[in-house]
Amino acid sequence: MQENELKDNNLRGKLERGVSLARFTSWKVGGATEILFQPEDLADLQNYMKTLDTSVPVTWLGRGTNVLVRDGGVKGVVIVMKGCINNLEKIESNLISAELGVSCAKLARFSAENDLVGAEFLAGIPGTIGGALAMNSGAYGSETWNHVLEVETIDRNGELHIRSPSEFEIGYRSVKKPSEEWFIAATFKFASGDGQQARQKIRELLDQRNISQPVGNKSCGSVFRNPEIDFAARLIESCDLNGKTIGGAQISTKHANFILNLGDATAADIESLILNVRSTIESEHGVSLIPEVRIIGEAA
């Protein structure tokens, strides 16, 4: 698709070619995408999906907090949702509708402001609702899909569908869905409660995160899922991997399940460190750590 087709297709969003994805990810690394599209709103997104050839690969990015884009970039189209399709509203006494571009932290605060409890854990998740739905994000013993009543998805033809949780295979940091459908919005159900106490809990969780995690550094959050009967960070620490570096990438000395970009890291540096951690833990403990972060794109 050529950029001048924007007007012909009545698209109102931003369509560009050869855009570096580094600025769209929290690690600040990665190559360019062939085509990048930032829709103006849901109708604009639907229109674009209807015009897009079904052979073109589609990749979605929210705030880019749980993704590693390889240095060779991404083929096809990357649809960036940051700053758009982010409506958030209370629709019944204990139901909230949130579109995929809403940040998890915003949903947590909005829930507390409306005297609903149970969403506090979302305050510590740096991504958006779209990403939280796609991977069943969780923290402090709670998970996203524990509170989902129904979701809305979009398919390759721009058509919208309403689906219930029973139509998905939902597990720990895992959601299996139709391959050619993507989350657009969700209706969440939370219990009525004391909003002031919920806000206090949010503050406490954020304080706990600031103490235990390298907040403010270039990272993707937790790199590995926790094994069933252990913690990824404990396993990594037990192998004295804290502070280990490859190129410009380093395992955090504050929280071993975080990998930092010290400033000049490449995606290859980070991926090499991920592979090194996995092989070391497998060798020393016989445990296969599963990455929580999505690794996409082509090697340089």
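Modeller: Glu 292 counts as buried, at 17% relative accessibility (buried is under 20% relative accessible area, exposed over 50%, partly exposed in between, with a 1.4 Å probe and protein chains only). Bear in mind that this is a predicted model: local features need pLDDT of at least 70, side-chain atom pairs count only at pLDDT 80 or more, while totals for chains, interfaces and linings use all residues. Numbering runs from 1 along each chain as its sequence is written, and side-chain values use heavy atoms, with hydrogens and water left out.

The side chain of Glu 292 meets that of Arg 173 in a salt bridge, 3.9 Å from N to O (a side-chain nitrogen of Lys or Arg within 4 Å of a carboxyl oxygen of Asp or Glu). Glu 292 sits in the loop between helix 7 and strand 20 (294-296), and Arg 173 in the loop between strand 13 and strand 14, so the pair ties together parts 119 residues apart in sequence. Helices (H or I, at least four residues) and strands (E, at least two) are DSSP runs, numbered from the N terminus.

Arg 173 counts as buried too, at 12% relative accessibility. Arg 173 also has a salt bridge with Glu 143, at 3.4 Å from N to O. With Arg 173 between strand 13 (169-171) and strand 14 (174-176), and Glu 143 in strand 10 (residues 142-143), that pair ties together parts 30 residues apart in sequence. Put together, Glu 143, Arg 173 and Glu 292 are linked in a network of salt bridges.

Searching the whole structure turns up eight salt bridges. Another one joins Glu 271 to Arg 70, where the closest N and O atoms are 2.8 Å apart. Glu 271 belongs to helix 7 (residues 267-285) and Arg 70 to the loop between strand 4 (67-69) and strand 5 (74-80), so this bridge ties together parts 201 residues apart in sequence. Glu 271 is buried, with a relative accessible area of 16%, whereas Arg 70 is partly exposed at 23%.

Buried residues of helix 7 include Ala 267, Asp 269, Ile 270, Glu 271 and Leu 273. Among the elements covering the buried residues of helix 7 are strand 4, helix 6 (232-238), strand 19 (259-261) and strand 20. After helix 7 comes Gly 286, with a positive phi near 70°.

Gly 195, Ala 198, Ile 202, Leu 205 and Arg 209 of helix 5 are buried. Looking down the axis, these buried residues fall within an arc of 75°, so they line one face of helix 5 (the arc being that of the directions from the helix axis to the C-beta atoms). On the other side of helix 5, Gln 196, Gln 197 and Ile 211 are exposed. The buried residues pack against helix 3 (104-113) and strand 8 (116-117), where contact means heavy atoms within 4.5 Å. The N-terminal end of helix 5 is capped by Asp 194, with a side-chain oxygen 2.8 Å from the backbone nitrogen of Gln 196.

Setting aside neighbours within four places in sequence, Glu 181 is in contact with Thr 153, Ile 154, Asp 155, His 161 and Arg 163.

Last, the cysteines. The disulfide count is zero, by the rule of two cysteine sulfur atoms within 2.5 Å. Cys 84, buried at 7%, has its closest cysteine sulfur 16 Å off, in Cys 104, too far for a bond. For Cys 220, buried at 5%, the closest cysteine sulfur is in Cys 104, 14 Å away, again too far for a bond.

Note on methods. A polar contact is a pair of N or O atoms within 3.5 Å; within protein, one must be able to donate a hydrogen and the other to accept it, and residues adjacent in sequence count only if both atoms are side-chain atoms.
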